Amino acid sequence: MAFVTSEELLATLVPIAVYWIYSGMYVMFESRFEKYKLHSKKEEEEKNLVSRKEVFKAVLCHQVMSIAINLFTYAVTREKDGTASPKKSLTLLLLAKQLVIAMVVIDTWSFFVHWYLHQNKFLYKHLHVPHHRLVVPYSFGGQYMHPIEGFLDTMGGTLAVLLSGMSPRTAMFFSSFTILKLVDDHCGMKLPGNPFYLFFNNNSAYHDVHHQLYGTKYNFSVYFDIWDRILGTYMPYSLEKRPDGGLEVRRADQEHKKD
């Protein structure tokens, strides 16, 4: 019996390819579409505490770890005959059920892990601070995090796939979607016609609030804003044009103060 099937390998590697292709697209857009950027290049250079090169290397390390976790999970959950578990025939109703369950699991897991990392001062200082070195987020910085936080982040996706009963093929598409959402939330841009702005209240501007120096107590959610609203961490915002070009995300609690 093979250690990994072709579908399992694709389910593991395709989302990583999607991460770099989609984030690379945004990197190319940065210099061409300044008027849609949420921050200037000067802000990034002044506020961020880590270089893009360091972020790139850390993300690669995170992805190596996630590959190992995913392949191990597939290996231990595979049926004895070598086929992926489960083997139910996929219908549109079952697919919809799996997607809803997976999204709810990831949204709940990610929210409470993220929220608690901010509540616990020790964990925030030693585990979560690295991600917030990106005060001005950009596309491929979405997976820049401490290895332990990276492990917890990967486990959220793994639980979503297992609890929803997805096959590796379905998981490949779902995981690729979650990667698109992650990259888009950190892209630092608001491009016209972006579907994530049409279908989700949680988008790059929503998450930009969380990365601001005085906004880290707000907007933790991934897909739905329900947990932010229930726990009082929801922060409305407005998008305004910057005098020097581009856009600025202003929290509702801001008047004329700057971060």
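1. Phe177 comes out as partly exposed, with a relative accessibility of 26%. The model is predicted, and the values here are computed from it.

2. Tyr223, by contrast, is at 3% relative accessibility and counts as buried. The cut-off that matters for this residue is 20% relative accessible area, under which a residue is called buried.

3. How far apart are the ring centres of Phe177 and Tyr223, and at what angle are their planes? The centres are separated by 6.1 Å and the planes by 10 degrees, so this pair is stacked. Planes under 30 degrees apart are what that label requires.

4. Phe177 belongs to helix 7 (residues 168-185), while Tyr223 sits in the loop between helix 9 (204-211) and helix 10 (226-231). The pair therefore ties together parts that lie 46 residues apart in sequence.

5. The total is 20 aromatic pairs. Another of them joins Phe33 and Tyr36: with centres 6.2 Å apart and planes at 35 degrees, the pair is classed as tilted because of that angle. Phe33 is partly exposed, its relative accessible area being 31%.

6. One aromatic cluster is formed by Tyr19, Trp20, Phe56, Tyr138 and Phe140.

7. Lys181 lies over the face of Phe200, 5.2 Å from the ring centre. Lys190 is placed over the face of Tyr197, at 4.9 Å from the centre of that ring.

How values were computed. Residues numbered from 1 in each chain as written. Predicted model: local features only at pLDDT ≥ 70, side-chain atom pairs only at ≥ 80, totals over all residues. Heavy atoms only, no water. Phe/Tyr/Trp six-rings, centres within 6.5 Å; stacked < 30°, edge-to-face > 60°. Buried < 20%, exposed > 50% of the residue type's maximum accessible area, 1.4 Å probe, protein only. Helix = DSSP H or I, 4+ residues; strand = E, 2+ residues; numbered from the N terminus. Lys NZ or Arg CZ within 6 Å of the ring centre and 35° of its normal.
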